[in-house]
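User: I would like to learn how to read aromatic pairs in a protein model. Please take me through them step by step.

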Amino acid sequence: VLNGHKTWVAASDHVQHLVVSVGKGDERRFFFVDRNTEGVAIVSYDRASYLGDMSQGRATFEGVAVAPSNVVTDHAFGNAEPLYVLTAAAAFILSHTRSRGGPTSLEGRALATVAAAAALSEADPTDSQVTLGLVGVAAGVDAVATEFEAFLAETDKALLERWSTDRRLITMFTAGLERRAGA
């Protein structure tokens, strides 16, 4: 049973399922909860400090029952979350490069990064090799992001400014993956 708050909910206006982290270290668990479950309330914020194109908010849980099948350990989610964030970042770069008539070499590298991430999504997220593969995907995202930023500097300074703020999320995941892969 969950009681308490999730202080940051991405895509709060649209999200159908939440992942709630509880505990620390080996005791940490992740709970998957449907937004329509009795006792779940989501409120969206008016403004966001980053990822401003996406609604963000907070969730409150009051006596929310969670089935044992909706509980996973830290290691499984620890690889799944960065995989999805890195995939979304590479797809974002690909989409915006293509829609702005950007260099095909950048499109190709972004697509290759999406494909590498897709291949990892087929593997067991608890496999230590997935963490190592994610370090490679993160390096791919970083490389295409740097090239994307140079392209935006010439074509869309407003998007470059938003992207530069949002890129902090990718940097956070990359650092965490490198620490885990080295451990």
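**Aromatic rings**

Analyst: Trp163 is buried, as its relative accessibility is 5%; buried means under 20% relative accessible area, exposed over 50%, and partly exposed in between, with a 1.4 Å probe and protein chains only. This is a predicted model, in which local features need pLDDT of at least 70, side-chain atom pairs count only at pLDDT 80 or more, and totals for chains, interfaces and linings use all residues. Residues are numbered from 1 along each chain as its sequence is written, and side-chain values use heavy atoms, with hydrogens and water left out.

User: How is a pair of aromatic rings described?

Analyst: The distance of the centres and the angle of the planes describe it. Rings of Phe, Tyr and Trp (its six-membered ring) pair if their centres lie within 6.5 Å; planes under 30 degrees apart count as stacked, over 60 as edge-to-face and the rest as tilted. The structure holds three aromatic pairs. One of them, Phe92 with Trp163, is stacked, at 5.6 Å centre to centre and 10 degrees between the planes.

User: Which helices hold Phe92 and Trp163?

Analyst: Phe92 lies in helix α1 (residues 74-99) and Trp163 in helix α4 (residues 157-182), so the pair ties together parts 71 residues apart in sequence. Helices are DSSP runs (H or I, at least four residues), numbered from the N terminus. Phe92 is partly exposed, at 26% relative accessibility.

User: What is the angle between the planes of Phe148 and Trp163?

Analyst: Their planes are at 90 degrees and their centres 5.6 Å apart, so this pair is edge-to-face. Phe148 is in helix α3, 15 residues from Trp163, and is buried at 0% relative accessible area. Phe92, Phe148 and Trp163 form one aromatic cluster.

Conventions. Helix = DSSP H or I, 4+ residues; strand = E, 2+ residues; numbered from the N terminus.
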